[in-house]
Amino acid sequence: MYPIIVLSFTGLLTLFLGLDNPKSKTILPGTVLFLLVALCSNFYDWNAPGTYFNNMIEVTNSNIIVESVIILSALLLVLLSSGLFEDENAHPAEYYALMQFSIVGALIMASFNSLLMLFLGLEILSIALYVLTGSDKTNLRGNEASLKYFLMGSFATGILLFGVAMIYGATGSFDISAGTTLARAAMASKIFFYVGIVFTLIGLLFKISGAPFHFWTADVYQGAPTLFTAFMATIVKTAVIFSLYRLLVNGFPYEYAFWAKIILVVIALSLIIGNITAVVQDNFKRILAFSSISQAGFMLMALTGISDKTFTNLAFYSASYTLATIAALGVLIVVSRNTLRDGRPNENVDVFSGLFRRNPDLAVVLLISMLSLSGIPLTSGFWSKFFVFTDAIGKGYLWVLVLAVVMSALSLYYYFRPVVAAFRTTEEPAIQTGVLQKLVLYGVTLLTVLLGVAPGLFRALF
Amino acid sequence: MLTLILFLLPLISGIFLVWNKSNGLAKTTTVLVSLAQIALFIYTASVFRADASALDYSLDWLSDFKVSFHLGIDGLSLVMTGLTVVISGLILFATKDLSYGNISRLLGLILITEAALIGVFAAKDAFLFYFFFELALVPVYLMANLWGGDGIARITLKMFIYTVFGSLLMLVSFVVLYLFAQTSELADLAKIPVNLRPGLNNLLFWGFFIAFAVKSPLFPFHGWLPDAYSKSPTPATMLLSGLLSKMGIYGILRILIPLAPAGTANFSGLVIYFCIVGLIYGSVIAIQQFHIKRLIAYSSFAHMGLMAAAALTLSPSGIQGSVFQMVAHGFSAVGLFYVAKIIYDKTGSRSLADLGGMSQRAPRLAVLFMIILLGSVGLPLTNGFVGEFLMLRAIFDFQHILGITAVISIILAAVYLLRLYQKTMFGPVTSFTENIEDIGVKELVVLVPIALVIIITGVFPNCLLELSSGFAQTLPLIK
């Protein structure tokens with residue numbers, strides 16, 4: 001609850017930091033400080049579960065951890081951005097302010113109790129992101145991505161709002177907390193209720209880029225500045241998967257048989273489309289875009305097997321996926337800036353050619369992040385896949401599991417393309433990394449391995 | 001606790017060597033760690049004789065899933081950890097004097113592989129087993145890529161995809177059993193299959209079997225093997241053929257038979273057919289090879305088929321034979337690949353067409369090569385004979401026609417291995433072999449122990465057979 005207030009306020013403050021000098025040196029440390037304050041304020045509610053705003057926002061210890069994961073990922077991204085916005089067209093103060101507003105939306109989504117809050121959070125999250133996607137004004141692809149994301153995203157939120165309205169019409173309530181009218185689903189008009197659920201799901205599945213609502217993903221991931229691609233892939237995914245969890249598990253537990261079918265279809269499509277399409281991509285950001293579609297499929301697998309461990313499993317999955325994605329895109333940020341093609345950073349897979357010779361440490365970071373994304377033991381990615389597998393198989397969906405396994409084997413091919421490239425020989429010069437970027441990249445790699453060796457450390461928080 | 005030290009010592013020293021840059025320090029550490037490991041293993045064996053349960057080590061790993069870090073040693077594990085410790089020691093001794101760049105990092109990766117293998121062979125928890133099973137591949141993958149020749153990246157990627165696909169199927173089988181047992185202790189999982197539907201039992205069998213068949217590899221899952229063995233740097237090849245391939249057979253004995261007994265009973269006949277096909281197929285291809293490493297790679301593939309077939313006959317002599325042969329093949333495969341590397345370093349060629357007459361210039365190499373080779377062929381008084389005799393008898397008892405077919409492979413093995421010997425050691429001296437010198441102390445330190453083990457365990461096989469017979473009694477379905 002408190003970080004929502006803190007970040008709304010500090011977001012405005014950040015805008016003022018760039019008022020005199022858009023490139024002021026205070027913006028980055030200021031934003032880091034604000035995020036740290038938000039992180040600490042988050043724990044003000046620790047062990048004091050309750051609701052705010054007339055039962056519209058719920059705070060529990062588990063929510064606090066998810067929100068901390070979101071704020072921490074933002075912190076890592078901000079640290080990673082040091083030295084990025086130095087060209088004349090950049091407006092770092094606005095970017096950081098928009099990031100903070102976007103996080104406010106993400107936090108609302110992760111703790112909403114009322115469908116209105118869900119809509120509000122989604123809009124706050126999205127509108128800031130539409131702007132950030134197009135923030136590199138000289139990049140045509142960025143402009144295209146921004147427009148595409150905005151148009152399709154508006155439709156999706158529109159559909160979500162439509163669904164919310166139908167649910168309200170059928171039940172007379174926005175409230176999804178346990179024991180309410182909505183959860184018991186005592187309604188006058190069943191058909192509106194079910195159509196409402198479907199529409200709400202579509203809006204959220206669009207944001208998490210589950211197939212068949214994934215068409216925007218590749219273009220937007222590729223066009224957006226890499227830092228904001230990472231933002232979309234990590235923070236947005238975490239926020240949306242937890243809002244889905246709240247919606248489905250808290251809101252509609254008795255309609256499980258209905259929505260589980262939809263989720264299963266989306267899982268199957270996401271796994272197949274995401275993995276097969278990723279194989280034929282050459283742009284690393286497009287590869288990660290399709291990988292994020294398949295990862296969404298894995299995350300949704302946890303929802304099919306609702307148990308008391310599902311929440312923890314999802315939190316572990318989000319944390320682990322966030323760490324690996326930040327590492328992978330962080331390496332891309334550093335390497336592509338040092339390897340220009342036609343005057344722009346090269347973002348194709350071959351940018352990693354010879355990375356083991358150019359900067360072995362970065363190559364190890366890349367290797368471990370790819371191992372984690374593909375779910376090889378010793379990395380947190382293995383456990384995260386294992387946990388969602390136990391959820392899916394707990395309800396007897398063996399075919400989902402077999403499909404996921406086949407697709408995981410396929411995914412090795414594209415996850416290892418940058419690694420294979422990194423082993424090549426090259427004449428390119430060595431790469432230097434900034435201190436903060438080193439700190440972030442080594443930190444997330446260490447955490448990935450630590451969670452891979454001792455997953456109990458994270459699970460003990462719940 | 002002792003088991004844990006046996007596992008942690010190579011792991012920690014390996015991680016240290018990966019970061020370390022000094023070559024001298026790396027070589028000293030390697031020698032000390034290998035000798036310490038062997039000493040530790042001998043002590044472990046003596047503790048095992050007194051009280052095997054003293055070697056159990058258990059720690060909560062993931063308490064809400066009842067997954068524990070549980071290491072323990074029984075007869076089979078003792079044989080396999082012993083093999084790992086000694087073979088890795090030999091590989092380390094061989095590697096430290098080879099002319100690779102960044103030798104410290106290479107030695108470190110070998111040590112990490114050793115730790116992972118000890119983990120595999122001592123794991124008593126299903127997920128711990130899976131964890132190490134996958135982990136063992138990662139350092140070998142890195143070794144192959146960083147020290148291998150051009151085009152190695154695609155080859156190792158193929159190997160990686162093959163094995164990870166297999167392992168993921170194994171993971172699914174484990175997860176299914178785990179959901180019924182609600183714990184991942186192997187001993188507890190073994191109680192589950194009796195109550196399962198036959199269909200599920202069969203699926204479990206294939207999930208496990210494909211994982212181990214890819215790892216060994218067995219026909220028809222061997223697509224990754226020839227290129228991976230021949231293009232990887234020699235230390236990686238020695239690890240792959242000497243130790244990693246044994247994880248497949250070990251898995252069949254430790255996981256497949258106890259955890260999918262009904263499926264094993266249903267399909268073992270079919271699988272044995274495929275193994276025998278692979279055995280003959282590998283041998284025939286080996287006869288036609290001119291590239292030394294490819295020849296040994298196919299010979300290794302053929303031998304793995306025989307071991308798997310014997311283990312799946314589910315008879316005590318078959319299981320004892322395959323355990324014994326795992327040890328014998330571990331030594332002879334490492335020996336053969338090392339000799340191939342020596343020949344390459346001395347002559348600059350790996351093609352049989354270029355070589356010949358080396359016995360005149362290098363008599364010591366010729367003698368040791370002959371002993372290792374005869375061990376691989378299975379001549380009486382070498383350890384290859386004991387293993388092959390037990391295995392062939394088991395297969396013959398299982399089905400006469402299969403036994404007879406399998407025996408042909410012995411003749412084929414003699415053909416391709418003696419051809420290898422003749423084309424390298426005998427015949428006229430070529431321009432490649434004119435100016436070579438005989439092997440020195442560095443090579444003898446590795447080859448003499450291998451030759452000694454081949455002869456000693458060939459003459460006195462009982463010490464190993466005792467351990468494996470104890471294990472064979474504990475398996476279900478044994479006739």
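User: What share of chain A is buried, and what makes a residue count as buried?

Analyst: Buried residues are 61% of the 462 residues in chain A. A residue is called buried if 20 or more other C-beta atoms lie within 10 Å of its own, exposed if 12 or fewer, and partly exposed in between, with C-beta atoms placed from the backbone. Bear in mind that this is a predicted model, where local features need pLDDT of at least 70 and side-chain atom pairs count only at pLDDT 80 or more, while totals for chains, interfaces and linings use all residues. As for labels, residues are numbered from 1 along each chain as its sequence is written, and chains are lettered from A and ligands numbered from 1 in the order in which they are written.

User: What makes Pro3(A) buried?

Analyst: Pro3(A) has 28 other C-beta atoms within 10 Å, so it is buried. Pro3(A) sits in helix 1 (residues 2-17) of chain A. Setting aside residues up to four places away in sequence, Pro3(A) touches Ala38(A), Ser41(A), Asn42(A), Glu67(A), Ile71(A) and Leu107(A). Touching, or being in contact, means that the two C-beta atoms, placed from the backbone, lie within 7 Å.

User: Why is Leu381(B) called partly exposed?

Analyst: Leu381(B) has 13 C-beta neighbours inside 10 Å, so it falls in the partly exposed class. This residue is in the loop between helix 16 (363-377) and helix 17 (383-398) of chain B. Leu381(B) also has a positive phi, near 80°, and is not a glycine.

User: Where is Ser209(A), and is it buried or exposed?

Analyst: Ser209(A) belongs to the loop between helix 8 and helix 9 of chain A. Ser209(A) counts as buried because 29 other C-beta atoms lie within 10 Å. Its phi is positive too, about 55°, although Ser209(A) is not a glycine. Pro212(A) lies in the loop between helix 8 (190-207) and helix 9 (217-223) of chain A, and a cis peptide bond with omega of about 0° joins Ala211(A) to Pro212(A).

User: How do you know that the length of helix 3 of chain A fits its residue count?

Analyst: The expected span is 1.5 Å times one less than the number of residues. For the 20 residues of helix 3 (residues 61-80) of chain A that gives 28 Å, and the end C-alpha atoms are 28 Å apart, so the two agree. Helix 3 of chain A is also mostly covered, with 16 of its 20 residues buried.

User: How many helices and strands does chain A have, and what counts as one?

Analyst: Chain A has 20 helices and four strands. Both are DSSP runs numbered from the N terminus: helices are H or I with at least four residues, strands are E with at least two.

User: What radius of gyration does chain A have, and what would a compact globule have?

Analyst: The radius is taken over C-alpha atoms, and the globule rule is 2.2 Å times the number of residues to the power 0.38. With 462 residues the rule gives a value near 23 Å, and chain A has 21 Å, so chain A agrees with a compact globule. Along its principal axes, the C-alpha trace of chain A spans about 70 × 55 × 40 Å.

User: Why is strand 2 of chain B called largely enclosed?

Analyst: Five of the five residues of strand 2 (residues 67-71) of chain B are buried, so the rest of the structure largely encloses the strand. Both faces are covered: Val67(B), Phe69(B) and Leu71(B) are buried on one side, Ser68(B) and His70(B) on the other.

User: What makes strand 1 and strand 2 of chain B a pair?

Analyst: Pairing needs at least two bridges found by DSSP between two strands. Five bridges join strand 1 (residues 57-62) of chain B to strand 2 of chain B, so they pair, and they run antiparallel. Tyr57(B) stands opposite Leu71(B) in strand 2 of chain B. The two strands form a hairpin with four residues between them, and Lys66(B) in the turn has a positive phi of about 55°.

User: Which residues of chain A meet chain B, and how many are nonpolar?

Analyst: In chain A, 22 residues are in contact with 24 residues of chain B. Elements giving two or more residues to that side of chain A are helix 16 (380-394), helix 17 (398-415) and helix 20 (456-459). Helix 17 of chain A gives the most, with seven residues. That side of chain A divides into 16 nonpolar, four polar and two charged residues. Here Ala, Val, Leu, Ile, Met, Phe, Trp, Tyr, Cys and Pro count as nonpolar, Asp, Glu, Lys and Arg as charged, and the others, Gly among them, as polar.
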